[in-house]
Every structure is written in structure tokens, then in C-alpha cells.
Amino acid sequence: MDETPPDVTGLTTTTVLNLDTANGVPASGSTTTSTATNNDLITRDATPTEISGTLSRALETGELLQISVDGGTTWTNATLTGLSWTHVLTQTYTTDVSLIVKFRLSDTAGNVADLTGQDKTVVIDLTSPTGITTAPNVP
């Protein structure tokens with residue numbers, strides 16, 4: 001049985017947060033989805049739609065990119081097209097949260113290798129900023 005983990009030498013990834021910016025349903029009843037890309041991985045959106053990125057090189061035949069958004073507790077396969085990958089986020093958040101995003105490769109034998117140094121933190125900040133409580137001092 002093959003016990004050799006996938007080779008992750010030199011494999012890196014970019015990561016962005018994609019947000020749905022559509023605002024309600026127009027009178028026509030037809031909807032379109034507008035999206036924005038967030039490179040700093042910080043948002044006030046309680047329903048981010050996906051995270052995505054680009055790998056620095058192609059994967060070998062039989063390898064899969066796996067993503068965890070809970071610090072490595074659970075893993076799902078990313079959708080990969082060429083070097084571009086996406087991972088759909090389906091949860092609605094009601095409080096501030098930091099998603100610890102980790103990456104690894106798996107192969108057909110079930111071997112895995114972490115992409116060390118590629119962890120990202122997505123911050124969902126739903127706390128409203130503190131308002132001004134006093135008038136400014138104008139000379």
C-alpha cells in the first residue's frame with residue numbers, strides 16, 4: 001500500500017473572500033448576483049459566499065486540494081479548475097467569528113500533506129463601530 005504523502009514542496013496559494021453584494025430583488029422579479037472580492041479577508045457580511053484562490057502549480061493526477069475552515073477539524077474537497085480553486089461557504093454568521101482556513105493535499109491512497117505556512121484567517125466582524133458620543137472640539 002502506498003504510504004507516501006503528496007509532494008507539497010513549493011506549493012503555495014493565494015486566497016480571497018468572495019461576497020454577494022446583491023441588494024434585494026428588483027421590481028422585475030429577476031435577480032442577478034453581484035459579487036465583490038475581498039483581499040484582506042475581513043468582512044462585515046454575515047453570509048460570505050466563498051473563498052477562492054490560485055495555486056502556484058498544477059496538482060499531480062489523483063491529488064485533491066482539501067480545505068478546512070475550522071482549523072483542521074473537518075475537511076472538504078475544493079473545486080479545482082486548472083490552478084484556480086473555490087470553496088463554497090454556506091453558513092450564516094450571527095456573531096463575530098474568525099475562520100481558520102487550512103489547506104492540504106490528499107491522494108487516491110488516502111495520504112495527506114499539509115500546505116505548511118499557507119493558513120489564512122477570515123474575520124467576520126459583525127460588531128457595529130462605536131458612534132461619536134460628544135461633539136467635536138472646534139476652535
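**Close-up views of a predicted model**

**View 1. Leucine 41 sits in the loop between strand 2 (35–38) and strand 3 (42–43).** Strands are DSSP runs of E, at least two residues long, and helices are runs of H or I of at least four, both numbered from the N terminus. This is a predicted model, in which local features need pLDDT of at least 70 and side-chain atom pairs count only at pLDDT 80 or more, while totals for chains, interfaces and linings use all residues. Residues are numbered from 1 along each chain as its sequence is written, and side-chain values use heavy atoms, without hydrogens and water. The phi of leucine 41 is near 65 degrees, a positive value in a residue other than glycine. Most residues other than glycine have a negative phi. Leucine 41 counts as buried because its relative accessibility is 8%; buried means under 20% relative accessible area, exposed over 50%, and partly exposed in between (1.4 Å probe, protein chains only).

**View 2. One aromatic pair is found in a search of the whole structure.** The ring centres of tryptophan 85 and phenylalanine 103 are 5.3 Å apart and their planes stand at 65 degrees, so the pair is edge-to-face. Rings of Phe, Tyr and Trp (its six-membered ring) pair if their centres lie within 6.5 Å; planes under 30 degrees apart count as stacked, over 60 as edge-to-face and the rest as tilted. The pair links distant parts of the chain, with tryptophan 85 in strand 8 (residues 84–88) and phenylalanine 103 in strand 9, 18 residues apart. Tryptophan 85 is buried at 1% relative accessibility, and phenylalanine 103 is buried with a relative accessible area of 2%.

**View 3. Aspartate 107 lies in the loop between strand 9 (97–106) and strand 10 (112–114).** The side chain of aspartate 107 reaches the backbone nitrogen of alanine 109 at 3.1 Å. Leaving aside neighbours within four places in sequence, aspartate 107 is in contact (heavy atoms within 4.5 Å) with Asp2, Thr4, Pro6, Gly62 and Glu63.

**View 4. Alanine 58 lies in the loop between strand 4 (50–54) and strand 5 (64–68).** Alanine 58 is partly exposed because its relative accessible area is 47%. Alanine 58 and leucine 11 are 47 residues apart in sequence and 8.8 Å apart in space, C-alpha to C-alpha.

Methods: Polar contact = N/O pair within 3.5 Å; in protein donor to acceptor, adjacent residues only side chain to side chain.
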